[in-house]
Amino acid sequence: MSLQEKLKELEEKGLQEISVANELSKLNEVRVNFLGKKGPITEVLRGMRDLSKEERPKVGEFANKVRDNLTSKLEERKEELAQAALNKKLAEEAVDVTLPGTPMKQGQPHVIQQIIDNLEDLFLGMGYQVVEGPEVELDRYNFEMLNLPKDHPARDMQDTFYITDEVLMRSQTSPVQARTMEKHDFSKGPLKMISPGVVYRRDTDDATHSHQFHQIEGLVIDKNITMGDLKGTLVTLAKELFGDRFEVRLRPSYFPFTEPSVEADVTCFNCMGKGCSVCKSTGWIEVLGAGMVHPNVLKMAGVDTDVYGGFAFGLGPDRFAMLRYGVDDIRNFYLNDVRFLSQFNKRG
Amino acid sequence: MKLSYKWLSKYLELDLEPKDLAEKIERTAVEVDSVTRLDYKLKKIVVGHTLEVTEHPDSDHLHICQVDVGEEEPIQIVCGAPNIAADQDVIVALHGSRIKDNVKIKRSKMRGVPSNGMICALQEIGYPDNVVPKDYADGIYVFPADSHVKPGDSVMEALGMDDDVIDTSVTPNRGDMFSMNGNAHEIAAILDQKANFEVLKVQDEQKSADTLADQIKVEIDEQDVAPVYKLMAIENVKIAPSPFWLQTTLMKAGIRPINNVVDVTNYIMLKYGQPLHAYDLDQLKGQTISVAPAGENVKFTTLDDEKRDLRPEDLVITADGTPIAMAGVMGGMATEVSDQTQNIVIEAAIFDPIKIRKTARYHNLHSEAAMRFERGIDYSSLDDALNEAASLVADFSQGKVMSGVVVGNDTKLNPESITIALARINKILGTSLTSEEVVAIFDRLGFSTELDATKQTFKVTVPVRRWDIHIEADLLEEVARIFGYDNLPVTLPTGDPTIGQLTTEQKLMRASRTVMEGLGLTQAMSYGLTTIAKSQQFVKGDHELVKVDWPMTKDREALRMNLISGLLDDIAYNKARSVENVALYEQGRVFYGNGQAQPEEIEHIAGAITGSMQAKSWNEKEKPVTFFDVKGIVEQYLKNVAVAGEVSYVADHDRQGMHPGRTADVLLDGDVIGFIGQIHPTTAEEFKIKETYVFELNLTKIIHAEKKLQHYDVISKYPAITRDIAILVNKEVSNTEVLNVINETKQKNLIKVELFDVYEGKNLEKGMKSLAYQFTYQDTNDTLQEDAINDEFSKVIKNLEEKLNVTVR
């Protein structure tokens, strides 16, 4: 058997062993067995000493080819085995993707806060400032400067917690308007403000009454403010709160601090105006009170009524949240049951 | 006020659906609470005439009645009413009829006797208890002779239930809408019609020769308490039920018929809005009537048989000094009109509205009369009202009207004139009305106008019946509502632009909330009023408590001085409902009395966590909250709001309500801005809650604290080197003390020191602990050399050994 024939035979044997090696260690054995320093190819090449000068390069070249072929086949096989091993590992690592995700801790803003923030953003966009004021107020700002002198019947409409004869828990956020109006320098431009906050009234807590709730009141005073501007503002406000599909209806009403006074209703969102139990078959839901600022209120704040006038409006986020989300008990807002609070988790 | 559509139809040509009329009233005048059809869903209810009534053989209270219901044959009905008798006209619900609440009546047998329907009480066809005449309160209704009903007639028609009632909710300014006349004026304006008003006068043949002034005098010292006070009398009256039409009219308006005198006073009140009161004249003969404050220690029995302690300022009507009525609110027992009364005197007055309101409120007597006196009375129709009342009483009771009106006071009001410019109307309303249109609106309202064509101004004269109108703005409202709010343009304010922007404080408050929510706390809103004890809990320092003057309950007596107690109430509420893991924060105000009229109001932010921070799930264990979770929240929060000063935490062993070993004050540059820690187990038990950790920070201080500017530090591209060290130190030595020594040692390249292990116990000497820190060194300009680091590091070790007597492990 010639050397070349021996090499050929070794190559075939080697290739055969590579193809059946199914582990990296086996493959390594094959490499050592065939290509190692003590391997059969080296052995064969040692026999080259006995060959002629002419034959030696040919055999040498052939031997290199055999070695290269085996080496590359070894690499290929190694790659194949590595890939198979990885695939196996990945298959083992597979998870049930339908298992629930790890719970993440994320707090929620209070639903009333969400409504307040939402409206603040709306009015900030229309150039209003947000103004806060004291929760413990003077009778003067809570009532008198709002055209509610002592003995005014409308004081009965909102029974008040007094601290002393002249100091009380504010029963509305309008005193913030009185304070702001009094301070505002009209030579520097119009006054456009909203005042959100907590208010207090002597009501026994039940499903529809709370001794503590929230209000957002708005006020605009400038030289050429019309009732049409009020209407436009209320329509914008109602659309922000309820959406575009809703109609707004103004009705005459009475508030001591505005004249004319109106109440604004929107289409009942439960029945879309057809009449249902939510709207007591009227098709409308009352959402806010408003009006043109009463001249007495302007005068008491030192505003020249010949030049300036404006409008004011107010709404209750608690009532709104009850209507909008069907909350059946106002106390839910202040008892802070986590199961209640965490329902209002929609963002954006 | 309950407005009968039929009654309104006597004044006006109403050719629109009641609900459409209600809609117009609502959009133009006052709110409408409901529009109800009285015979809604009632069916097959007819007048029956009882021909024969016999006892049921097997019952001690049932009767067997043969009833003529207008059919060929009488029908048999078994009836249990005590007042059933033969020869009565009664309400019969036939077989297949529907009565109140849509209840169906069918033929049946009652104790073996067939019954072909039901004889009804008024309540059973929908009348509320409080309007049913007393005689029929506990039995069936019997039609009076003057109802002229026949068997088979529709009961709904006979009782006038084929009518709609529009129930309005009258605002305090629209007292004129508390009368049919006032409503007729208003609806006439809305519909642009002229209303027909009918006034009955006392006829000559109704008059007697006797003069009232001979029998009674009125003297009123204080003019203001009763600007108008008049009396008329009717003698030889026969007290009896009033006419059927009047009774049904009153019942529809929600008023119970009593007798022919009281019913007239109520009818006149509905028609004119003028409350009247009738007295038994024989109780007052020869006396002087007056109106005055009650004075000290007066007890008075009102006609509801309640003995009342009057306040000195309550207005009373007196006869020779003895109270006979609470003016405008309720009459007295002693002078009440009874079945035996022969002569009556009717009072028509106007009382001081504020005094009436206060009396009604104090005694909780919100009568129909008081409600009207509070909101004002039409001065211009009082005489008509009194006259018509006298005429009707005489008519119904076969009495004679005594001559003369005894007048105690007769203040007259003149119509007010207000001038308003067309330009002003259009400027304020945003309209472009012409002067003709404006005149037309005032005309509809019955206000006369004088147009000054050159100046384009109107002088508007407002009739006395609209006493709510005094100023230009009032007229603007009239124009706007009659023109229609629907017709106003929809615009937004123009004019000089303004910047809408939150203040720095508001931004920080919003950011604070966002940070807290990001850290896993849900926003709570608790009550600002709490108990005295809870208000003062957890509070250090000498702050004055603020209390409400007249608390409704002990639970809501004091203004809170801390937010935590409210949050603990919330946790207790959750725990009582088996919600064990609660993490809440609140941002709100606390109130510190300071000797001024108004207390100091300070914004706080507080949190309370109980149970596990991490909810247990299939792949995560519970992670019960610890002191360090709450501290981590506060640290992260203060990092986010970027306070520039140095924040430190100092153990606080004596804050009431807090765990003495697990509480720390939070200091900013040495000033206490709040605290963190565990609620004392005893306090937790009082609140009925489990282990709970809290923090409360003075947000006002944080808002005003100096803040770091947002800036950029170059991130070094050179590698960092770390060195770890574990030291054995006395247990009493705090982490802060160790860090202080480390930081005091000058180390150029040290960028971070991190505590990564704390160990006490096994293998350590008693009273000692092991702390392990990792030091990170880095230079922004160069790769650090090991030698340089080693030098710095050994300096630290040396200092620690010297100053804190530590042993490096």
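# Questions on a predicted two-chain model

Biologist: In the hairpin that strand 17 and strand 18 of chain B form, which residue in the turn has a positive phi?

Modeller: This is a predicted model, and in it strand 17 of chain B and strand 18 of chain B make a hairpin with five residues between them. The two strands, residues 298-301 and residues 307-310, run antiparallel and are joined by four bridges, and one bridge pairs Phe300(B) with Arg308(B) in strand 18. Within the turn, the residue with a positive phi, of about 65°, is Asp305(B).

Biologist: Where does the UniProt record place the "domain: TRNA-binding" annotation on chain B, and how far apart are the end C-alpha atoms of that span?

Modeller: The unreviewed UniProt entry sets this annotation on residues 39-156 of chain B. The span is 2% helix and 41% strand, and the distance between its end C-alpha atoms is 6 Å.

Biologist: Into which domains is chain B divided, and what separates the centres of domain 3 and domain 6?

Modeller: The division of chain B gives domain 1 (2-38 + 172-191), domain 2 (43-158), domain 3 (204-410), domain 4 (416-459 + 470-487), domain 5 (504-704) and domain 6 (721-808). Taken over C-alpha atoms, the centres of domain 3 and domain 6 of chain B are separated by 96 Å.

Biologist: How many residues does each chain bring to the contact, and which helix of chain A gives the largest share of its side?

Modeller: Chain A contributes 78 residues to the contact and chain B contributes 78 residues. On the side of chain A that touches chain B, the largest share is seven residues, and these come from helix 9 (residues 227-242) of chain A. That side of chain A consists of 38 nonpolar, 24 polar and 16 charged residues. The helix asked for is helix 9 of chain A.

Biologist: Is Glu259(A), where UniProt places a "binding site", buried or exposed?

Modeller: The "binding site" feature at Glu259(A) comes from an unreviewed UniProt entry, and the residue is found in strand 7 (residues 258-267) of chain A. Beyond four places in sequence, Glu259(A) touches Gly291(A), Met292(A) and His294(A), as well as Ala473(B), Asp474(B) and Glu477(B). Because Glu259(A) has 23 C-beta neighbours inside 10 Å, it counts as buried.

Biologist: How many C-beta atoms lie within 10 Å of that of Arg662(B), and is the residue exposed or partly exposed?

Modeller: Arg662(B) has its place in strand 36 (residues 658-668) of chain B, and its contacts beyond four places in sequence are Phe627(B), Gly677(B) and Gln678(B). Since 18 other C-beta atoms lie within 10 Å, Arg662(B) is partly exposed.

Biologist: Which residues of helix 11 of chain A are buried?

Modeller: Helix 11 covers residues 317-325 of chain A, and Gly326(A), with a positive phi near 65°, follows it. Its buried residues pack against elements of chain A including helix 5 (111-125), strand 5 (212-222) and helix 9. These buried residues are Pro317(A), Asp318(A), Phe320(A), Ala321(A) and Leu323(A).

Conventions: Residues are numbered from 1 along each chain as its sequence is written. Chains are lettered from A and ligands numbered from 1 in the order in which they are written. This is a predicted model: local features need pLDDT of at least 70, side-chain atom pairs count only at pLDDT 80 or more; totals for chains, interfaces and linings use all residues. UniProt positions are given in the numbering used here, feature names are shortened, and annotations may be inferred rather than shown by experiment. Two residues are in contact if their C-beta atoms, placed from the backbone, lie within 7 Å. Ala, Val, Leu, Ile, Met, Phe, Trp, Tyr, Cys and Pro count as nonpolar, Asp, Glu, Lys and Arg as charged, and the others, Gly among them, as polar. Domain bounds come from an automatic or database domain assignment. A residue is buried if 20 or more other C-beta atoms lie within 10 Å of its own, exposed if 12 or fewer, and partly exposed in between; C-beta atoms are placed from the backbone. Two strands pair if DSSP finds at least two bridges between them.
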